[in-house]
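Subject: Handing over a structure

Hello,

I am passing on the structure we spoke about, and below it you will find my notes on what was found in it. Please keep it open while you read, so that you can follow each part in turn.

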Amino acid sequence: LSDRLGGVFDRLTKQGALSEDDVRTALREVRVALLEADVSLPVARNFIKAVEKKATGAAVTKSVTPGQQVVKIVHDELIEVLSGEGEPGELRIDQAPAPILMVGLQGGGKTTTTAKLAKRLTERDKKKVLMASLDVQRPAAMEQLEVLGKQIGVDTLPIVKGEDPVAIAKRAKTQASLGGYDVYMLDTAGRLSIDEELMAQVAAVRDVANPRETLLVVDGLTGQDAVHTAENFDERIGISGVVLTRMDGDGRGGAALSMRAITGKPIKFVGLGEKMDALETFEPDRVAGRILGMGDIVALVEKAQQTLEAEQAERMMKRFQKGQFNMNDLKMQLEQMQKMGGMEGMMSMMPGMGKMAKQMDGAGIDDSMLRRQIALINSMTKKERANPQLLQASRKKRIAKGSGLEVSELNKLLKMQRQMGDMMKKMGKGGALKQAMSGMF
Ligand code: GDP
Ligand code: MG
């Protein structure tokens with residue numbers, strides 16, 4: 001609700017608009033920040049271009065500079081790009097036993113992440129989890145998972161020497177079904193670089209297990225390489241999500257942006273250390289702040305906007321309570337309705353207005369009507385908008401002529417403005433208005 005109705009106050013908070021110069025100057029700094037955070041050049045370039053278009057002409061909030069405002073817009077856009085579909089950290093593990101396939105290069109953090117995730121699923125989601133190591137390449141790799149399993153209290157598939165990965169996957173599947181497990185996790189072997197043998201092996205395991213989730217585990221510090229790895233694995237195996245490890249390091253996490261922009265795959269989790277609880281849900285806003293390295297500015301702009309909106313809303317509410325609802329207010333409402341797809345959508349969100357919405361709908365308020373009503377208000381002088389009671393016959397004729405519409409339509413508009421004013425006043429007395437408006441922030 002707050003997002004949709006917050007826009008109502010756009011007009012009030014607007015002190016001016018960002019000029020092309022403002023935007024370009026600020027974006028130069030942002031570009032440096034992105035590159036420093038290890039965002040790849042083409043991704044940074046495209047991103048900046050997209051933001052430039054969006055930011056030019058955007059409203060500027062009083063009490064912050066245009067440059068600060070641009071940083072905030074960049075920050076919001078970063079979050080937008082970084083966010084995947086669905087809830088962050090969510091996995092498709094509804095049908096038991098749900099297979100999760102862990103893939104990636106050697107040393108990326110697959111085994112560690114398998115155990116971390118198993119711990120999380122066990123403790124947080126109350127799932128019964130079975131882990132199986134398919135790493136027959138590296139000596140002691142299977143024991144590594146077994147040790148971790150004991151440490152976190154999660155079952156591992158017993159090790160059978162000499163078995164190949166496909167056979168292990170089959171055994172894990174059987175064991176998971178028989179043992180009543182909700183989830184079974186397959187920790188595959190990695191290579192130092194992508195090669196045909198690795199891919200063929202992983203593909204064979206995939207075909208046997210038919211995983212619900214295929215998570216690529218990559219070292220977040222490797223930047224551009226991580227993105228290439230993701231592209232390759234996705235092409236050959238098909239991945240459903242990414243886990244970025246070593247996000248506890250010095251890196252500023254630019255790989256996350258490149259990863260999202262290039263592969264389009266959701267980043268589900270981030271690894272923040274070697275310990276078993278150092279796995280967190282990927283949070284786009286935190287990573288955005290880190291990539292930009294300008295979190296203080298973002299907070300400042302947010303605060304300024306909130307304060308201003310709250311003040312303005314308070315002032316507006318006081319006026320409405322006194323029954324002061326003029327043509328400027330009405331125009332703002334009408335424009336908002338246009339944006340939100342008509343009267344009913346808007347009214348139905350405000351308590352007590354559902355009925356009126358239906359009546360107005362019956363009266364045929366549609367898009368073209370909204371446009372005509374706004375045209376009428378545009379033909380009024382500033383004084384008339386603030387004091388609609390000034391509108392006597394001659395002024396009405398002038399306004400109708402100016403907007404190319406009939407006086408009868410203007411009369412309907414005036415009636416609507418009075419009705420809405422009355423309603424606001426009534427709601428104000430009962431406290432419903434305050435409630436409705438406080439929900440906006
Ligand atoms: P695998 O070869 O892909 O299975 O990688 P491992 O799980 O064996 O991890 C390789 C090394 O990276 C180990 O020493 C882990 O402790 C370490 N590691 C894994 N994830 C993280 C992380 O998020 N942060 C840090 N600092 N180290 C990690
Ligand atoms: Mg491993």
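Before the first item, please bear in mind that UniProt positions are given in the numbering used here, and that such annotations may be inferred rather than shown by experiment. The model itself is a predicted one.

With that caution, the UniProt record, an unreviewed entry, carries the annotation "domain: SRP54-type proteins GTP-binding" for residues 266-279. In the model this span is 0% helix and 43% strand, and the C-alpha atoms at its ends are 16 Å apart.

Turning to ligand 1, there are 18 residues around it, of which Gly109, Lys110, Thr111, Thr112 and Gly271 come nearest. Helix α6 (residues 110-123) gives the largest share of this shell, with three residues. Sorted by class, the shell around ligand 1 consists of eleven polar, four charged and three nonpolar residues.

Next, please look at strand β1 (residues 98-103), where six of the six residues are buried, so the strand is largely enclosed by the rest of the structure. In a regular strand the side chains alternate between the two faces of the sheet. In β1, Ala98, Ile100 and Met102 point one way, while Pro99, Leu101 and Val103 point the other way, and all of them are buried. Strand β1 is joined by five bridges to strand β4 (residues 183-187), and the two run parallel; within this pairing, Leu101 stands opposite Leu186. Four bridges also join β1 to strand β5 (residues 213-219), again in parallel, and there Ile100 has Glu213 as its bridge partner.

Helix α17 (residues 367-378) has twelve residues and reaches 16 Å from its first C-alpha to its last, which is close to the 16 Å expected at 1.5 Å a residue. Which residues of α17 are buried? They are Gln373, Leu376 and Ile377, and, seen down the axis of α17, the buried residues fall within an arc of 95°, so they line one face of the helix. On the other side of α17, Asp367, Ser368 and Arg371 are exposed.

Finally, Ala393 is found in helix α19 (residues 393-403). Ala393 counts as exposed because it has 8 C-beta neighbours inside 10 Å, where the cut-off for an exposed residue is 12 or fewer. Ala393 and Val407 are 14 residues apart in sequence, and their C-alpha atoms are 9.0 Å apart in space.

With best wishes

Notes: Residues are numbered from 1 along each chain as its sequence is written. Chains are lettered from A and ligands numbered from 1 in the order in which they are written. This is a predicted model: local features need pLDDT of at least 70, side-chain atom pairs count only at pLDDT 80 or more; totals for chains, interfaces and linings use all residues. The expected span of a helix is 1.5 Å times one less than its number of residues. A residue is buried if 20 or more other C-beta atoms lie within 10 Å of its own, exposed if 12 or fewer, and partly exposed in between; C-beta atoms are placed from the backbone. The arc is that of the directions from the helix axis to the C-beta atoms. A residue is near a molecule or strand if its C-beta atom, placed from the backbone, lies within 6 Å of it. Ala, Val, Leu, Ile, Met, Phe, Trp, Tyr, Cys and Pro count as nonpolar, Asp, Glu, Lys and Arg as charged, and the others, Gly among them, as polar. Two strands pair if DSSP finds at least two bridges between them.
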